[in-house]
Every structure is written in C-alpha cells, then in structure tokens.
Amino acid sequence: FEHFVIEKAMEKALTNRVWLKSGGYIIIEQTEALLTIDVNTGKYVWKWSFEDTILKINLEAAREIAYQLRLRNIGGLVVIDFIDMAYPQNIVRVYDEFVNELKKDRAKCTLLPISDLGLLQMTRKRTRETLSKYLSETCSYCSGKGYLKSKRYLLWNY
C-alpha cells in the first residue's frame, strides 16, 4: 500500500476537495441526480500570463477528473465547470486532453463540447457500486448527511 501510494489515493477518493500538483484544486459534489465538479486556481501563483496559468490548471484538472471518475466509479450525469478560458484553441486543448484521458476508462462515456460558459456535460455508465459507498457507511448520528469509514476500509488499512 505504501509503495504504490494506495492509501493516499483512497483517502483522496473519499474527500470532496482534491488538490492538484500545481496548487489548484477540484471540488467534487455528488447529489442524487447529478455530479458537479468545479475547477479552482486555489493557491496557485501566476508565473506566466493569466491565460497560460488557467490553461495549465485546466489541463491538469482534466487529467485528474478523468482519474477520479474511474477511481470513484462515478456514473450518471456529470457537469464539469472548468476555469473560463479566453482563447478557443485553449478550450479545444482542454477538451481533447479530457477525451484522451477518458480513453483509459472502460465505462461508456458520452460528452458534449465545452460550452461558452466553460461547462462540460457528460454521462458515464457506472459498472459497479461507487467507491464511497463501498468504503463508507451512512452516519447514524446525522441521518445520512455524512459518512463514516466502513469496517471494510478500516480493516484494509490495519
């Protein structure tokens, strides 16, 4: 687990905020009918032009989002809010990067192009139970608004 950094990946998969290497982050919020993912610059410091910075964060987020969808086995309707980009060629680069990363996914995915608002809409067919359902239990104290790590998860790590 330590050698392949599996424990860290599992911890990351159970949180709704996932930090990117660049300092930006994505927020993953799941509801009954829809999954929303928001890309943010976070604590990233601009080293180049503003547009180059946004492009770098969006490209990194596209790779991480595709990975998180596979890791968490999330299905259904997904809406991704990328940081707004000024140049159409950058929008195409982010879309192409996301499509290339989704090719690693065995689940069937259907995508629409990134809209003028910076939103990418997609569907993903779920093949089995989501990772959060598998590794957590509904919290009895808050009547299901939160989750506790399951016995399966705790035994896995000890």
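Analyst: Ile27 stands opposite Asp38 in E3. Before going on, some ground rules: this is a predicted model, where local features need pLDDT of at least 70, side-chain atom pairs count only at pLDDT 80 or more, and totals for chains, interfaces and linings use all residues. Residues are numbered from 1 along each chain as its sequence is written, and side-chain values use heavy atoms, leaving out hydrogens and water.

Strands like this one are DSSP runs (E, at least two residues), as helices are (H or I, at least four), and both are numbered from the N terminus. E3 covers residues 34-40. Its covered face holds Leu35, Ile37 and Val39, while Leu34, Thr36, Asp38 and Asn40 make up the uncovered one.

Now for the neighbours. Two strands pair if DSSP finds at least two bridges between them. With strand E2 (residues 25-30), E3 pairs in the antiparallel sense over 6 bridges, and a hairpin of 3 residues joins E2 to E3. E3 is also joined to strand E4 (residues 76-81) by 5 bridges, and these two run parallel. There, Leu35 stands opposite Val78 in E4.

Asn73, in the loop between helix H2 (50-72) and E4, has a positive phi of about 55° although it is not a glycine. Most residues other than glycine have a negative phi. Asn73 counts as buried, at 2% relative accessibility. Here buried means under 20% relative accessible area, exposed over 50%, and partly exposed in between (1.4 Å probe, protein chains only).

A search of the whole structure finds 1 aromatic pair. Trp19 and Tyr25 have ring centres 4.9 Å apart and planes at 55°, so the pair is tilted. Rings of Phe, Tyr and Trp (its six-membered ring) pair if their centres lie within 6.5 Å; planes under 30 degrees apart are stacked, over 60 edge-to-face, and the rest tilted. Tyr25 is buried at 15%, whereas Trp19 is partly exposed at 40%. Arg17 lies over the face of Tyr25, 4.2 Å from the ring centre. That label needs NZ of Lys or CZ of Arg within 6 Å of the ring centre and within 35 degrees of the ring normal.

Finally, confidence: pLDDT is the predictor's confidence in each residue, from 0 to 100. The protein chain averages 81, and 70% of the residues score at least 70.
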